[in-house]
Amino acid sequence: MLRLGWFSTGRGPGSRNLLKTVMDGRADGSLDVDVSFVFCNWDNEEEPNPRKEQRQMFFDMVEGYGIPLVRLSWKGFLPGLRASDEATWRDEYGKRLRELTRGYGFDLGVLAGYMLWMDDETCREYDMVNLHPALPDGPKGTWEEAIWSVIRGGADRHGAMIHLCTEDWDRGAALTYCGFPIRGGAYDDLWGDLEEKAAATSLDDVIREEGAEEPLFRRIREEGARRELPLIVSTIGLFASGRVRIEGKRLMEGGRALDAPYDLTPEVEAALGCRP
């Protein structure tokens, strides 16, 4: 059985849906996993706290499953140090995080909507994975930056990947990924409309004026977002089945290190009821 350490900020429905999907898989036997603990970087007593109700729903879900809930408020932890030396503060926060979680024992850490950068030592000591909303050879940065980058480059495909958490933050080795086309069919009309708008002014102007509401951008984001949960679940299943493991911060299959990430596009598309 694969023991998971679950790290989440518990911001909203996405956090709950991901944990529920994994726990449902555990209950029906499709995922041979156990969640050793859930760590949250809020204790929900902070103010201001605009997501307090959503986070409490997440906490209630965790406790309802009987999973140990570990909370360490990032706002309440050494605020003076955070204001004066954020890098040192991050190291101290990570040290306390490890003290609180090390005793539970887990094989793989999953950053499931965890909105705080992990410190370097935690990345070295724990094997943890995170979602990045782009293909392995795609752009870095936020999901907004990634989508605008593929649009600027006139890409044919977009996707998402699960990567290893390292000191280099979003640049850890890709472990699994899925992709989807962003050309053909209705996409061609959206590309044409954007090109017309950009020709009349500039793409930068369109980005400033429309942002995430621009129709091509919105379509790409929607298609990417709905693949994120099945990609994470399929990745956990890949590890839980014993087909792959992390050893020495490398993805291993049997006795050999893999040179490329697993393409889970067929599994993800099947989960969505689509053809890859």
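Before you start, know that the model is predicted, with local features needing pLDDT of at least 70, side-chain atom pairs counting only at pLDDT 80 or more, and totals for chains, interfaces and linings using all residues. Residues are numbered from 1 along each chain as its sequence is written, and side-chain values use heavy atoms, leaving out hydrogens and water.

**Stop 1: two crossing helices**

Select residues 143–152, helix α6, and residues 215–240, helix α9. (Helices are DSSP runs of H or I with at least four residues, strands are runs of E with at least two, and both are numbered from the N terminus.) The axes of α6 and α9 come within 10 Å and cross at roughly 120°. Here axes are lines fitted to C-alpha atoms, for helices over the stretch in contact, and angles run from 0 to 180 degrees between N-to-C directions. The pair is therefore oblique; angles under 35 degrees count as roughly parallel, over 145 as roughly antiparallel, 65 to 115 as roughly perpendicular and the rest as oblique.

Now show side chains: Trp143, Glu144, Ile147, Trp148 and Ile151 of α6 make the contact with Leu216, Phe217, Ile220 and Arg221 of α9. Contact means heavy atoms within 4.5 Å.

**Stop 2**

Next, pick helix α7 (residues 186–200) and helix α8 (residues 203–210), whose axes lie 7 Å apart at an angle of about 105°. α7 and α8 are therefore roughly perpendicular to each other. Look for Leu194, Lys197 and Ala198 in α7, which meet Leu203, Val206 and Glu210 in α8.

**Stop 3: two loops**

Which residues does a cis peptide bond join? Select Glu47 and Pro48: the bond between them is cis, with omega about -5°. Pro48 sits in the loop between β2 (33–40) and α2 (52–64).

Then move to Leu78, in the loop between β3 (69–71) and α3 (79–84). Leu78 is not a glycine, yet its phi is positive, at about 40°.

**Stop 4: the largest pocket**

Finish with Gly113, Tyr114, Met115, Asn130 and Leu131, the closest to the centre of the largest pocket among the 43 residues that line it. The volume of this pocket is about 1300 Å³.

Methods: On a 1 Å grid over the protein atoms alone, a cavity is a set of points where a 1.4 Å probe fits but cannot get out, and a pocket is an open set with protein on both sides within 12 Å along at least five of seven lines; lining residues have an atom within 4 Å of a point. Grid points are joined across faces, edges and corners, and a volume is the space filled by probe spheres set on the points.
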